[in-house]
Amino acid sequence: MPIQLAHAATLPPAADSVFLLPAGTKELPAALADLPEAARTYVADQLAADSKLITVNHYSHRHYFVVASEKGTAQLIAEAMRKSGHQLHTQVKADKVAELYIQDLTKDADGQLALALAEGLYLTAYAFEGYKTDEKSKKAAVLTRVLLTGAASAEAIQELDNLLQGVCLARDLINAPLNKLNATQFAERMAAAGDEAGYHTEILDLVRIEALRMGGLLAVNLGSPEPPTFTIMEWKPKNARNARPYVLVGKGVVFDTGGLSLKPTPGSMDMMKCDMSGGAAVTGVLYALAKNQVPVHVIGLVPATDNRPGGMAYVPGDVLTMYSGLTVEVLNTDAEGRLILADALAFAKKYEPTLVFDIATLTGAAARAIGKEGIVAMGTADEDQLLALKQAGNRVHERVVEFPLWDEYAEHIKSDIADINNLGKAEAGAISAGKFLERFTEGTPWIHLDIAGPAYLTAPDSYRGKGGTGTSVRLLYDFLVNQE
């Protein structure tokens, strides 16, 4: 169960509390009058030694002191505070604290540093419920509530809480294995999230997908004993600021064996339950927007299937006719994500959108280029939209690196027998995948986000944790909230 974030008007006596101190603090403010002299001296000594996290145990309660960073931009200072939240959680967990107060003493006008600290705490505390049966594993976490006093408003705290619920929803979906989350179950989970948050969901089944002639989604699904789904989520508030919707398209490959172009298992196929991270992210964004009643009209599209080598599986050399009418020569069945996204991107044009995003764990090339530290982006949106996206990435520290989509890259996906092929060359693999998708978005402003690097981590990384990270939920939420 996630931590609950809430607002508190005052700090009660003898409460487990965090005091957020300004950068460069060397002595405690006089306002902390209830601190005994010996404890005050200890904290002062620790501050003089440049400690950033200090704990004082009063036996009946504990005080934690966190010093804000003074280095870098406001965005980097906020990120340092999220990481301080991660470090604080380790101490709070060891101390078995159930309810924690945060008092901001930095004089931060809008409480952003305290919110960032709470964000780091919350995301670090996330744990996938999993399927273990022993009592210790089933025991709930002790810390259940974090209350903020000071400049952060009750509305801002509730907004953050709802957003982080969306991140954790995405993480839960990513971490679920195929036998617990096939394409049908994934669609049902998206619909259940919509029922809870207040967005509308429509699920297209195999018959309707066949009627639409979505050749990419149908081909990838051929080797599976389970049917595909195509889920349409829509958040359309009456007071929406945008006349035409934003459309988010998420890759929903619930498991990717590579098909007949089979992946090796260690370090590759064994992690491929995460290949629907894009679809999970779209779900998390729609959930957060609806919970927070954000006045922006947004549609989410998630084509979903697994990619297996069984039965009538598609093979290298096949030529597919896509939903758009374009033909595609299949050179590698492990380049399946772009095939299902292509159908969804072409379908998105019917909504006459303001802007289309696709979000996908699409290429190892993107992960090799910038690692787990960022998101590869490219597209046909104008410079202002791309700049706004990068600025959102800097604010939430899901940073975006723009790759080119020069005309010359079209040569990489030329086919002798079809309009295009699905593989590209050995070089610029992330870009040729983007160039492929571009063919299905013509006439529509579009941004492609390749999240292959940060979507799923095999080792813990601060507040992002281990496993599914929910990458791009906070990024896209921030971008959409700040659109005029």
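In which loop is Ala 14 found? Ala 14 lies in the loop between β1 (4-7) and β2 (17-21), where helices (H or I, at least four residues) and strands (E, at least two) are DSSP runs numbered from the N terminus.

## Basis of the model

This is a predicted model, in which local features need pLDDT of at least 70 and side-chain atom pairs count only at pLDDT 80 or more, while totals for chains, interfaces and linings use all residues. Residues are numbered from 1 along each chain as its sequence is written, and side-chain values use heavy atoms, with hydrogens and water left out.

Most residues other than glycine have a negative phi. Ala 14, however, has a positive phi near 55 degrees, and its relative accessibility of 49% makes it partly exposed (buried is under 20% relative accessible area, exposed over 50%, partly exposed in between, with a 1.4 Å probe and protein chains only).

Ala 428, placed in the loop between β17 (420-421) and α13 (429-438), likewise has a positive phi near 55 degrees, and at 29% relative accessibility Ala 428 counts as partly exposed.

## Helix α1

The 12 residues of helix α1 (residues 37-48) should span 16 Å at 1.5 Å a residue, which agrees with the 16 Å between its end C-alpha atoms; the expected span is 1.5 Å times one less than the number of residues. Ala 39, Arg 40, Val 43 and Leu 47 are buried in α1, and because the buried residues fall within an arc of 100 degrees seen down the axis, they line one face of the helix, the arc being that of the directions from the helix axis to the C-beta atoms.

These buried residues pack against β2, β3 (53-57) and β4 (62-67), contact meaning heavy atoms within 4.5 Å, whereas Glu 37, Ala 38 and Ala 48 are exposed on the other side of α1. Asp 50, which follows α1, has a positive phi near 70 degrees.
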